[in-house]
Amino acid sequence: MRKVFLALAAATLLTGPAVADDVKIGIILGFTGPIESLTPAMAAGAELAISEVNDSGSFMGGSKIEVVRGDSTCIDSAAATAVAERLITSDKVNAIMGADCSGVTTAILQNVAMANGVVMISPSATSPALSTVADNGLFFRTAPSDARQGQVVAAILKDQGYKSAAITYTNNDYGKGLADSIETNFKKVGGKVTINVSHEDGKGDYGAEVAALAQAGGEILIVAGYLDQGGKGIIQASLDTGAFDVFYLPDGMIGDSLPAAIGDGLNGSIGDVPGTDSPGAATFEKMASAAGFKSGPFAPESYDAAALIIMAMQAANSTDSQAFKGKVMSVANAPGQKIFPGELGKALKIIAGGGDVDYVGASAVELIGAGESAGNYKEILVKGGKNTTVRFR
Amino acid sequence: MTDFLNVLALLSNFAIVPGLAYGSQLALGALGVTLVYGVLRFSNFAHGETMSFGAMATILVTWALQARGISLGPLPTALLALPVGIAITIGLCLVTDRLVYRYYRQEKTQPVTYLIVSVGLMFLLGGLIRFIIGPNDQVFNDGTRFILKAGTFKAMTGLDQGLAIKTSQSITVVTAVIIVCVLFWFLNKTRAGKSMRAYSDNEDLALLSGINPERVVMVTWIITGALACIAGTLYGLDKSYKPFTFLQLLLPIFASAIVGGIGNPFGAIAGGFVIAFSELFVTFAYKKVLAYLLPSGFAPDGLVQLLSTDYKFAVSFMILVIVLLIKPTGLFSGRTL
């Protein structure tokens, strides 16, 4: 028995240094739950950046990056915390690309990432509360805060000539933050909010909720929810009873599955989703289809989040979060050479040679404030059963 | 006068029509619970999942039919698949009785043991369903969606308020009426129905008069399975099929059965409608109704809502507690069929 232990100990000692060269990045997204139709493309986006770097061979003297996936569930903070705990303490990831929904992201940040000092870059957590949360400089996001989305929503509604609106939001940090931001901004531009109430996800029937919304009235119904969950139920019930004909769909409601499920009734509805007309977005879409997946909402942001982690590590020449957390902002912003998707290998060479890069990426990344995207949005119009882009804001 | 008609249309659209459909679904569910309680003398907590299982079986058959291009034109294909779904659900009920409940019956176990056994069965069935069809929303409603659209109604009558009637809502009500008539005919006119009632009324006396108890139990499970499958399918057609919602449905179903008097089929139907309409009317916002009825200038600014819609299930609880406190046997004294 003792011999076995000795052999094991020797084996551990021998393999130890070899493993240390490899870098692990955790991808924590809601592979199950209310945005499960979006997360496969998001994870594929992040993994695309990582395989691009691995193929280039210029990351930290040829180190390879390994991906460990975890399920955030989007809504269950306890489950998300447990997954993050496992990834950090047992899989020993060096950084986390994630999480996705604001509530679980806050939970992971405060309970696990800060306690263990691991950098997190979220591609899609948009709650305004995350701008001011204490994070020891460990948290960044390539998604804009909903404080910014509220301004965009108000501007779009005003341009389309809507004067009154009813708001319903999914009862969590994301929904509440966004709904309040929309209400404040819409009132600022002279609009009237008739009602601002929450709905619970996971019900079979939203008739009673829609009845209350219909009594408050309004020209348009703003549904700050999730497309695979209560948001869909609310829209279906509103159309069935004729309570509302047009809907405003914020970022959590944009996806191909919604027009497919609702059908013609959704035509004419408007919405927004983070996106840009920078050349990087088009390049990323091409790379995505070449890699065999279809880019979707937050997939470019996921690519950028993973890319930022890798470039910051390269710039600090260390995989220790405490060392590279200070480099995230400098690789993301000017000065330096502009870097687009597909040029990660080039960027790593520039950084290794002592140069400076300004990462633009797939979503025109510009980190402001405490490390969040300044925010570019696509204005969406549902036409002929498809989400079409009207213009960029 | 137009104001009054507008109020009528408004209430019909958001409370009365959905309430009739929801009440029918609850009544069919509560009938199943009440039959099992009346004959087998225990509260069957697995009934919600049995409904879910029946709906799932119907959905799978519907998909098979749709794949072969078979449809019912304006009616949902699920109606064609329903008989097969019913047969499968009856099969499930008979198998669970044979494997689980028969043992406890022979042991002459306490009703509370049965209850716990049914809770166990509920979890088992719930897992099985998610294993087969997954936890997601399934949409299987095809055919014409509306009998009357809100916009058409407005154009027809010139009123401000629309009234929409979905095909699934009318199918639900019509089916419920037919099923209830057939059930009462069966219980009152046929030999098997009479022996069921006799057995439920006094087990020993029924045994003495030569009624075969195993046969009565089998007939009960067959009817319960059919009712559960129909109720589950109608609920899924009208709303959407999601396995998790049937656990939430269990509370209003039991409330319906108990409010009407558990064990009494007539009470189950009445209870279903009492619960459905109270859930809708207590959480309804009366702002527009008052705006029409009150003189102009008196219209309220708030929503005039007694309870937020989040407390919908609390309404069933409140009614349940009140009935149990004041009239524990229910509105129509229960216990026997």
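Biologist: Does helix 2 of chain B pass helix 9 of chain B in a right-handed or a left-handed crossing?
Modeller: In this predicted model, the crossing of helix 2 of chain B with helix 9 of chain B is right-handed.

Biologist: Which residues make helix 2 of chain B meet helix 9 of chain B, and how do they divide by class?
Modeller: On helix 2 of chain B the residues are His47(B), Thr50(B), Met51(B), Ser52(B), Gly54(B), Ala55(B), Ala57(B) and Thr58(B), and they meet Ala228(B), Cys229(B), Ala231(B), Gly232(B), Thr233(B) and Gly236(B) of helix 9 of chain B.

Biologist: What makes helix 10 of chain B and helix 11 of chain B oblique to each other?
Modeller: The axes of helix 10 (residues 245–260) and helix 11 (residues 265–282) of chain B come within 7 Å and cross at roughly 125 degrees. Roughly perpendicular ends at 115 degrees, while roughly antiparallel applies over 145, and this pair of helices in chain B is therefore oblique. The crossing in which helix 10 of chain B passes helix 11 of chain B is right-handed.

Biologist: Which residues make the contact between helix 10 of chain B and helix 11 of chain B?
Modeller: Helix 10 of chain B contributes Pro252(B), Ala255(B), Ser256(B), Ala257(B), Val259(B) and Gly260(B), while helix 11 of chain B contributes Gly267(B), Ala268(B), Ala270(B), Gly271(B), Gly272(B), Val274(B) and Ile275(B). These residues of the contact of helix 10 with helix 11 of chain B divide into 8 nonpolar, 5 polar and no charged.

Biologist: How many residues does the contact between chain A and chain B take from each chain?
Modeller: The contact takes 18 residues from chain A and 26 residues from chain B. On the side of chain B that touches chain A, helix 1 (2–40), helix 5 (150–157) and helix 12 (287–293) of chain B each supply at least two residues, and helix 1 of chain B gives the most, with 4 residues. That side of chain B has 11 nonpolar, 8 polar and 7 charged residues.

Biologist: How is chain A divided into domains, and how many residues of domain 1 of chain A are in contact with domain 2 of chain A?
Modeller: Domain 1 of chain A covers 24–144 + 294–366, and domain 2 of chain A covers 147–276 + 376–392. Their C-alpha centres lie 29 Å apart, and 21 residues of domain 1 of chain A are in contact with 21 residues of domain 2 of chain A. On the side of domain 1 of chain A that touches domain 2 of chain A, helix 4 (102–116) and strand 5 (139–144) of chain A are the elements that give two or more residues, with the largest share, 3 residues, coming from helix 4 of chain A.

Biologist: What makes strand 7 and strand 16 of chain A the edge strands of their sheet?
Modeller: The sheet in chain A is open, with 7 strands in the order 7-6-8-9-10-15-16 and mixed pairing. Strand 7 (192–199) and strand 16 (386–392) of chain A each pair on one side only. Strand 16 of chain A pairs with strand 15 (residues 377–383) of chain A in the antiparallel sense over 6 bridges, and two bridges are enough for strands to count as paired. In this region Lys378(A) stands opposite Phe392(A) of strand 16 of chain A.

Biologist: What makes the peptide bonds from Gly98(A) to Ala99(A) and from Ala334(A) to Pro335(A) worth noting?
Modeller: Most peptide bonds are trans. The bond from Gly98(A) to Ala99(A), however, is cis, with omega near -5 degrees, and Ala99(A) lies in the loop between strand 3 (95–98) and helix 4 of chain A. The bond from Ala334(A) to Pro335(A) is also cis, with omega near 0 degrees, and Pro335(A) lies in the loop between helix 13 (328–332) and strand 11 (337–339) of chain A.

Note on methods
Residues are numbered from 1 along each chain as its sequence is written. Chains are lettered from A and ligands numbered from 1 in the order in which they are written. This is a predicted model: local features need pLDDT of at least 70, side-chain atom pairs count only at pLDDT 80 or more; totals for chains, interfaces and linings use all residues. Domain bounds come from an automatic or database domain assignment. Two residues are in contact if their C-beta atoms, placed from the backbone, lie within 7 Å. Ala, Val, Leu, Ile, Met, Phe, Trp, Tyr, Cys and Pro count as nonpolar, Asp, Glu, Lys and Arg as charged, and the others, Gly among them, as polar. Axes are lines fitted to C-alpha atoms, for helices over the stretch in contact, and angles run from 0 to 180 degrees between N-to-C directions. Angles under 35 degrees count as roughly parallel, over 145 as roughly antiparallel, 65 to 115 as roughly perpendicular and the rest as oblique. A crossing is left-handed if the near helix is turned anticlockwise from the far one by less than a right angle, and right-handed if clockwise.
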